[in-house]
Amino acid sequence: MSSVLRIALQKSGRLSEDSYQLFKECGIRFDYGTGKLKSVSSNFPAEFLFLRDDDIPGYVEDGVADLGIVGENVAVEMGRQVQTIHKLGFSKCRLSIAVPRATDWTGIQHLEGRNIATSYPNLLGNYLKEQGVRAEIHEISGSVEIAPSIGLAEAVCDIVSSGSTLLSNGLKEVETIFRSEAILIARPELDADKQTLIDKLLFRIKSVQAAKN
Ligand code: ATP
Ligand code: ZN
């Protein structure tokens, strides 16, 4: 029986367009954007699943998908047993600590005993531990940047690209704790047929990337 690679991509969001574009540039055709959850390539042994990005590391760990594209921030935060096989160079962003603009920031020790709102409790918790700072982490799933203005927290730790969202919420970025880009992840154990397909795909991805540099 011939193998088919199952590849999980973000259905719609900041990873989607570049992920679809990457496969297009690799010459791998499939339909997307039709509202369907699944699409089979017409010219490569691959089947694509369209999911929320947060679900992708779990599906790859469980073997529902063989490969997936996610932000490194999400892959590391979730701590799933997956292997990073390639960095893709798009959806670049950073995870940073920000505080109200008027704060007299003297360094990370400023956060000792304070409340910090974030959607990344593990990444933040590890960073604070490394820095020897004890603080209260409030996990919230969205709109983290409004937490200080509603009195929920004294600082936030959130994804930043240009910084304009922070600015418009009266915050300033004071410390970057993690730099991220889109990565290709794979399940830990793959049979030889699937590994051969992945090698083929990786060769094409690297050629596309080399042509751009
Ligand atoms: P979903 O609905 O799939 O759960 P989401 O709202 O959680 O989507 P997005 O905002 O689409 O996620 O972000 C997906 C990933 O893109 C993030 O985990 C991060 O790696 C990256 N990212 C987030 N914000 C930016 C940004 N402003 N610029 C570039 N990349 C970003
Ligand atoms: Zn998400």
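Reader: Leaving aside neighbours within four places in sequence, what is Ala 155 in contact with?
Author: Ile 97, Ala 98, Val 99, Leu 111, Arg 114 and Ile 116. Contact means C-beta atoms, placed from the backbone, within 7 Å.

Reader: What kind of model is this, and how are things numbered?
Author: A predicted one: local features need pLDDT of at least 70, side-chain atom pairs count only at pLDDT 80 or more, and totals for chains, interfaces and linings use all residues. Residues are numbered from 1 along each chain as its sequence is written, with chains lettered from A and ligands numbered from 1 in the order in which they are written.

Reader: Back to the core. Which residues touch the most other members of the largest one?
Author: Ile 7, Val 60, Leu 67, Ile 116, Ala 155, Val 156 and Ile 185, out of 46 residues in that core. A nonpolar core is a set of buried Ala, Val, Leu, Ile, Met, Phe, Trp, Tyr and Cys residues joined through C-beta atoms within 7 Å. Buried means 20 or more other C-beta atoms within 10 Å of the residue's own; exposed means 12 or fewer, partly exposed is in between, and C-beta atoms are placed from the backbone.

Reader: Which strand gives the most to this core?
Author: β11, residues 182-186, with five residues. Strands are DSSP runs of E, at least two residues, and helices are runs of H or I, at least four, numbered from the N terminus.

Reader: And where does the core lie relative to the domains?
Author: Between them, because domain 1 (5-91 + 181-212) and domain 2 (93-179) both give residues to it. The bounds come from an automatic or database domain assignment.

Reader: New topic: β1. Buried or exposed?
Author: Six of the six residues of β1 (5-10) are buried, so the strand is largely enclosed by the rest of the structure. Leu 5, Ile 7 and Leu 9 cover one side; Arg 6, Ala 8 and Gln 10 are buried on the other.

Reader: What does β1 pair with?
Author: β3 (46-51), parallel, over six bridges. β4 (67-71) also runs parallel to β1, joined by two bridges. Pairing needs at least two DSSP bridges between the strands.

Reader: What's the strand order in the open sheet of five?
Author: β8-β7-β9-β6-β10, with mixed pairing. β8 (136-139) and β10 (171-180) each have a single partner strand, so one side of each is left without a neighbour in the sheet.

Definitions and conventions: Two residues are in contact if their C-beta atoms, placed from the backbone, lie within 7 Å.
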